[in-house]
Amino acid sequence: MKLKMAEKSLFAILLRSPWWVSIVIAAVIVLIARIVLPAHLVLYMAFGTAPFLVIAAIAGWKQLRAPSAAAIADTLQAVGAMSWRDFSAAVEDAYRRDGYAVTRLNGPEADFEITRAGQVAVLGCKRWKAASNGIEPLRNLHAAMEAREARESIFITTGGLSDSARRFAIDNKIRVLQGAELAQLLRAVPHANPGAAKI
């Protein structure tokens, strides 16, 4: 079973922060150690900052690979102009490229089932063009997750969520994929971003 880091843990927060924040924390720890501890213990405290340096490297690598604001805007504009057929093919191709087995579902609740390493998730993305989504599509997706005994549900949209829909997503651990995450998912699908800058 894959272990998942708690979203509000220090390291999870640092992974979402700029890479240099972890470096600053490590430097502050070493500086405090130099002031407070005897000289022979400072080296041990410096070694204790290794997790922060590892987090800085991981965060830096992720941020380096993340699409720019212009590339995100271009991708979302291109996605908004796509037909369902093209968009669903782009999503399917993107998850396959990332190592998932993808199955199309014929129902109103969810559009795809994706599987990797024995972990199953359901995706709802038919309302990807809606400017704002209410609670109903999320309820349907959650019902599909329970019916298929999936581990996770993912709702894909270029728009936003109403307050009640956002609360429902948080309460039921529905991952909402939009903005930069959606642009990153569709980064290598040629027909997802025709004519725009490559991301």
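User: Where does Tyr95 sit?

Analyst: Tyr95 belongs to helix H6, residues 84-97. Helices here are DSSP runs of H or I with at least four residues, strands are E runs of at least two, and both are numbered from the N terminus. Keep in mind that this is a predicted model, where local features need pLDDT of at least 70, side-chain atom pairs count only at pLDDT 80 or more, and totals for chains, interfaces and linings use all residues. Residues are numbered from 1 along each chain as its sequence is written, and side-chain values use heavy atoms, with hydrogens and water left out.

User: Is Tyr95 buried or exposed?

Analyst: Buried means under 20% relative accessible area, exposed over 50%, and partly exposed in between, using a 1.4 Å probe on protein chains only. Tyr95 comes in at 5%, so it's buried.

User: Which residues is Tyr95 in contact with, leaving aside its neighbours within four places in sequence?

Analyst: Contact means heavy atoms within 4.5 Å. For Tyr95 the list is Tyr100, Val102, Ile114, Leu123, Ile154, Ile156, Leu177 and Leu185. As for Leu186, 91 residues away along the chain, its C-alpha is 9.0 Å from that of Tyr95.

User: On to H8. Which of its residues are buried?

Analyst: An α-helix has 3.6 residues a turn, so residues three or four places apart point the same way. In H8 (residues 163-171) the buried ones are Ala165, Phe168 and Ala169. Down the helix axis they fall within an arc of 100° (taken from the directions from the axis to the C-beta atoms), so they line one face of H8. The face turned away carries exposed Asp163, Arg167, Ile170 and Asp171.

User: What do the buried residues of H8 pack against?

Analyst: Strands S4 (132-133), S6 (160-161) and S7 (174-177), plus helix H7 (136-147).

User: At what angle do H7 and H8 pack?

Analyst: Axes are lines fitted to C-alpha atoms, for helices over the stretch in contact, with angles from 0 to 180 degrees between N-to-C directions. H7 and H8 pack at about 20°, their axes 9 Å apart. Leu138, Arg139 and His142 of H7 meet Ala165, Phe168 and Ala169 of H8.

User: Where is confidence lowest and highest?

Analyst: pLDDT is the predictor's confidence in each residue, from 0 to 100. The chain averages 84, with 89% of residues scoring at least 70. Helix H5 (residues 69-80) is lowest at a mean of 79, and strand S1 (residues 101-104) highest at 96. Over residues 189-199, pLDDT stays under 50. Where pLDDT is low, the predicted coordinates should not be read in detail.
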